[in-house]
Amino acid sequence: MSILATIKDHSGRIYRGIQALLVMSIAATGLAAFALTENTSRAGALAVSVASTLMALLVLMYMRSSVVQRLQSAADAEAEKHRFLTVDAMTGAMTRRYFIEALGDWLGGLRNRRQASLLLIDLDHFKQLNDTFGHQFGDLALAHLVAEAQRIFEDGVIGRLGGDEFGIMVPHGDVAIISKDARRLLDAMRAGKRHEGKIIPLSISVGVALAPLHASNGAELMLLADLALYESKAAGRGRITVFDEEMLSDKRYRRLVERELRAAVYLGELELHYQPIVDPDGSVDALEGLIRWRHPVRGLISPAEFIPIAERSTLIDMIGEWVFKRACADVGHFPGRRISINVSGEQLKRDEIVTMCDRILRETGRSASQFVIEITETVATAATPEVLRRLEALRGLGFHIALDDFGTGHCGFNYLKSLPIDSVKIDRSYIRSLAHDQVAQIFVSALAQIARIQDIAIVAEGVETAEEFTLARAAGCSRFQGYFFGRPAPRDKASALCAAAREPLALTARQQEMMA
C-alpha cells in the first residue's frame, strides 16, 4: 500500500470517529434545548455536548499532527527514492538515466545553440584491477575517479554510464580548457590510489565531443564522444582524443565492411588457404589455415583488412566458428598432418570459444589432437586468469596451443613456463636477421635451448631463402614455415602439393630457386 493510500485509510477511520462525536454533541445539545422542565437532564445533556465537542477537537488536532507526520515521512521517502534513482550509491555520480536527461535539458533544441563539452571516460584494464587486487579495490578506484573529476571539473555534471564508464558534461566548449583539465585528471589517476600500503597507478581513456560544433542533441553527442573514446583505447589507452569528422567516415566504413562480411559468411565468399610447416628435412609436418575473403567486386581481401573490424563486434565469433568448421572439413585431405588455426584474443574473452570447439568436434567426428590453436604474443601478455582458464580447457580437449609472433612484444622467456603452450613461432623479423644480426642469433639460439628443456617445439616463421632455412635449423629451430616451402594456397592445391612432393619441400623449393 502506498503512503498516500495509508494516509487516506488512516484518516478515514479518524474522520468517521469525529463524525460520531459531533453527532453525539449535536444530539446532546438538542436534548438540552428541549428538556426545558428538567434541569438535571439539561445539565447532563450540556455536559455530554461539551465533552463530545472537546473530544472531537482533540481528535482533529491529533489527526492534523498525524497527517503532517505521515506527509513528512512520505516526502522523505520520495526524496530518498529520487536520490536513489539519480545518484549512484557507490561513486556518488549521477545515474545514467538522469545524466542523459540533464545533458538533453542543457542542450535543449536547435534554437538554444548552447555550448557544452561531453567527456566520456573509461577506466583502463578495470577487469584486471578487480582480478588482481579484488573487487573492493575496483570500487575504490571508481569512487576515486569520480572524486578527482568533481574536484577538477567543478562546474561539470558527472554521471556513471556503465560499469567503468563515466560521462562529464561541462557547460562550455573551450577545447583548450577541456584538454587541460582532462590531462590533469589523467595525471591525478596516474598518481594512483593507495591499497594495502602500496600506491596502485591507474589509467583512463578519454573521448571528447563538443556541442554544437560536432552535434546539437544529446544522443548524437554521446555517439561521437564514444567514437573518440574508442580511438583513445585503440591508440594504446591512457590518452585524450577529441572527435573529428574522419572518425565518422571510418565508422561508416566499418559498418559497411561488417554488413558485407556478415553476408560473406552466408554466401560462401570466405576461403581457407593452407601454408605448409615442415620438419628439418623439409617434409610437411603440418599446415596453417589462413582465412581469405574473395569479394565479388574487390577480389581477394587480406585478413589484415577485415579481421580488426570483425574483432570490434561479436562477428569475430561467427568467423572463428566458420574457420574451425572449414578446418574440420578439410583436415581429411591432409592425412597425418595437423592444421593450425588462428584464434583472436576477442574470442578468448568469452567461454563460447570452448563450447563452440567442443560442439563442432562432436558434430564432425574430428579429434582435437588434429589441430593447433595459435594465439599471438600480444594476447598472451594481456591474458587474464579467465583467458588462461579457457586455454587450459582447450588444451584439455586435446588441442595443441602455439604462441605466434614471439619476440614482437613484451613476452619474456618466463612466459614459456607459465603459459599452457606446446610450440612457439619465432617472428619472421628475427629469421631475416640471422645472417647479419648477432642479437637475433643469440635470441633464437637461447629460445631454442629453453624450448628444448621445456619440451616445446620452435617454429621459424618467414623462411624465404635456403640460407635462412640453414641458419634457422642450425640455431635449433625444429619446424619451419615460409615462402621457401610454399605460399598459402587453396585446399586442393595445398593437398596436391603435399601428395605430389615425393622429395622434401625444401629440396623442391631449392631446385625451383636455382632454376628461376
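Modeller: Buried means under 20% relative accessible area, exposed means over 50%, and partly exposed lies in between, with a 1.4 Å probe and protein chains only. This is a predicted model in which local features need pLDDT of at least 70 and side-chain atom pairs count only at pLDDT 80 or more, while totals for chains, interfaces and linings use all residues. Residues are numbered from 1 along each chain as its sequence is written, and side-chain values use heavy atoms, with hydrogens and water left out.

Colleague: Why does Arg 160 count as buried?

Modeller: The relative accessibility of Arg 160 is 17%, and the limit for buried is under 20%, so Arg 160 counts as buried. Asp 88, with a relative accessible area of 16%, is buried as well.

Colleague: What makes the meeting of Arg 160 and Asp 88 a salt bridge?

Modeller: A salt bridge is a side-chain nitrogen of Lys or Arg within 4 Å of a carboxyl oxygen of Asp or Glu, and the N to O distance for Arg 160 and Asp 88 is 3.2 Å. Arg 160 lies in strand β3 (residues 157–160) and Asp 88 in the loop between α2 (39–86) and β1 (94–95), so the pair ties together parts that are 72 residues apart in sequence. Helices (H or I, at least four residues) and strands (E, at least two) are DSSP runs, numbered from the N terminus. The structure holds 26 salt bridges.

Colleague: Which parts of the chain does the salt bridge between Lys 233 and Asp 122 tie together?

Modeller: The closest N and O atoms of Lys 233 and Asp 122 are 3.5 Å apart. Lys 233 lies in helix α7 (residues 218–234) and Asp 122 in strand β2 (residues 116–123), so the pair joins parts that are 111 residues apart in sequence. Lys 233 is partly exposed because its relative accessible area is 27%, whereas Asp 122, at 8% relative accessibility, counts as buried.

Colleague: How do you know that Asp 124 is buried, and what does Arg 237 count as?

Modeller: Asp 124 has 3% relative accessibility and therefore counts as buried, while Arg 237, at 30%, counts as partly exposed. These two residues form a salt bridge, the closest N and O atoms being 3.9 Å apart.

Colleague: Why is the pair of Phe 469 and Phe 485 called edge-to-face?

Modeller: Rings of Phe, Tyr and Trp (its six-membered ring) pair if their centres lie within 6.5 Å, and planes under 30 degrees apart count as stacked, over 60 as edge-to-face and the rest as tilted. By this rule the count comes to 11 aromatic pairs. The ring centres of Phe 469 and Phe 485 are 5.2 Å apart and the planes stand at 85 degrees, so this pair is edge-to-face. Phe 469 lies in helix α17 (residues 466–474) and Phe 485 in the loop between β17 (479–481) and α18 (491–500), so the pair ties together parts that are 16 residues apart in sequence. Phe 469 and Phe 485 are both buried, and together with Phe 480 and Phe 484 they form one aromatic cluster.

Colleague: What makes the phi of Asp 455 worth a remark?

Modeller: Most residues other than glycine have a negative phi, and most peptide bonds are trans. Asp 455 is not a glycine, yet it has a positive phi of about 60 degrees. Asp 455 sits in the loop between α16 (438–454) and β16 (457–460), and its relative accessible area of 68% is why Asp 455 is exposed. The peptide bond from Ala 211 to Pro 212 is cis, with omega near 0 degrees.
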